[in-house]
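These entries record what I looked up about the ligand site and the pockets. I began with the lining of the pockets and then turned to the ligand.

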Amino acid sequence: MTIAARLLEIKKALPTGVTLVAVSKTKPVEDILEAYEAGQRIFGENKIQEMSDKYELLPRDIQWHMIGHVQTNKVKYMAPYVSLIHGVDSFKLLREIDKQAGRNNRIIPCLLQVYIADEETKFGLDEADLDEILASEELKSLKNIQIVGLMAMATFTDDQTKIKLEFDHLNAIFNRVQIKYKELKNVAFKELSIGMSNDYITAISCGSTMIRIGSTIFGSRNY
Ligand SMILES: *Cc1c(COP(=O)(O)O)cnc(C)c1O
């Protein structure tokens with residue numbers, strides 16, 4: 001099957017209210033263009049340099065999502081154009097995004113990444129860290145960011161029951177913070193970014209509003 005055919009097959013089966021982020025990391029611009037011509041406008045990358053190179057080469061109506069771990073000193077390179085940063089996992093990073101967004105006269109939407117897997121390798125905040133950020137006085141002073149939701153990755157396993165438990169747990173956190181912090185001007189919990197190629201069906205059943213699909217659309221990656 002072609003990239004366009006695989007993309008359309010996934011899109012056809014998506015419930016309304018679920019946004020597809022086509023994860024194009026490591027893939028050439030030709031592959032992205034093929035998806036673009038099939039109607040896809042939202043692409044996810046996990047390296048800022050690679051995303052910026054592709055941004056320069058590709059149509060300007062593409063919305064670029066940063067889905068990877070972000071180093072504070074590289075925020076400036078994507079601040080002029082990035083449309084959503086999924087992996088915000090510290091106040092320090094949020095502060096830097098706010099600063100760079102301000103320099104570009106924009107408000108950058110962000111998701112806070114929550115750690116839900118039982119693996120040592122995944123980045124993210126635990127529930128206490130999440131509350132610490134959301135309850136802090138300093139957050140109110142960040143005028144150039146908007147926290148629009150949560151992002152997470154489940155444990156890498158084929159056990160969908162285990163994945164479902166982790167996503168349900170995240171959904172409960174999402175519902176709690178959505179209510180608890182609803183008065184904050186720069187916070188509005190709308191998006192729940194969960195679901196990748198191996199678990200997106202489960203993620204959708206657990207309330208996902210944004211799935212991040214790479215290999216099912218573009219084929220497996222060679223690093
Ligand atoms: C690579 C990646 C994806 C997509 O993974 P696939 O299994 O190829 O669909 C989604 N989210 C994040 C954070 C990633 O790094």
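Entry 1. Which elements each supply at least two residues of the lining of the largest pocket? I worked from a predicted model. I found that S6 and S8 each supply at least two residues of that lining.

Entry 2. I next recorded the extent of the largest pocket. About 480 Å³ of space lies in it. Its lining consists of 21 residues, and Lys25, Asn46, Ile67, Met153 and Met196 are those nearest the centre. By class, I noted 8 nonpolar, 9 polar and 4 charged residues in this lining.

Entry 3. I asked where the ligand is placed. The space that the ligand takes is the largest pocket. Two elements give two or more residues to the shell around the ligand, namely strand S6 (145-153) and strand S8 (210-213).

Entry 4. I then listed the residues that surround the ligand: Val23, Lys25, Ile67, Met151, Met153, Met196, Ser197, Arg212, Ile213, Gly214, Ser215 and Arg221.

Entry 5. For Lys25, an N or O atom of the side chain is 2.6 Å from a ligand oxygen atom. For Arg221, the side chain again provides the N or O atom, at 2.7 Å from an oxygen atom of the ligand. For Ser215, the N or O atom belongs to the backbone and lies 2.8 Å from a ligand oxygen atom.

Entry 6. Which residues line the second largest pocket? I found Ile107, Lys140, Leu142, Lys143, Ile145, Gln146, Glu183, Leu184, Lys185 and Asn186 in its lining. I recorded a volume of about 170 Å³ for the second largest pocket. The class count for its lining is 4 nonpolar, 2 polar and 4 charged residues.

Notes: Residues numbered from 1 in each chain as written. Predicted model: local features only at pLDDT ≥ 70, side-chain atom pairs only at ≥ 80, totals over all residues. Heavy atoms only, no water. Near = heavy atom within 4 Å. Polar contact = N/O pair within 3.5 Å; in protein donor to acceptor, adjacent residues only side chain to side chain. 1 Å grid on protein atoms, 1.4 Å probe; cavity = no way out; pocket = protein on both sides within 12 Å on 5 of 7 lines; lining within 4 Å. Sits in = over half its atoms within 2 Å of the grid points. Helix = DSSP H or I, 4+ residues; strand = E, 2+ residues; numbered from the N terminus. Points joined across faces, edges and corners; volume = space filled by probe spheres on them. Nonpolar A, V, L, I, M, F, W, Y, C, P; charged D, E, K, R; others polar.
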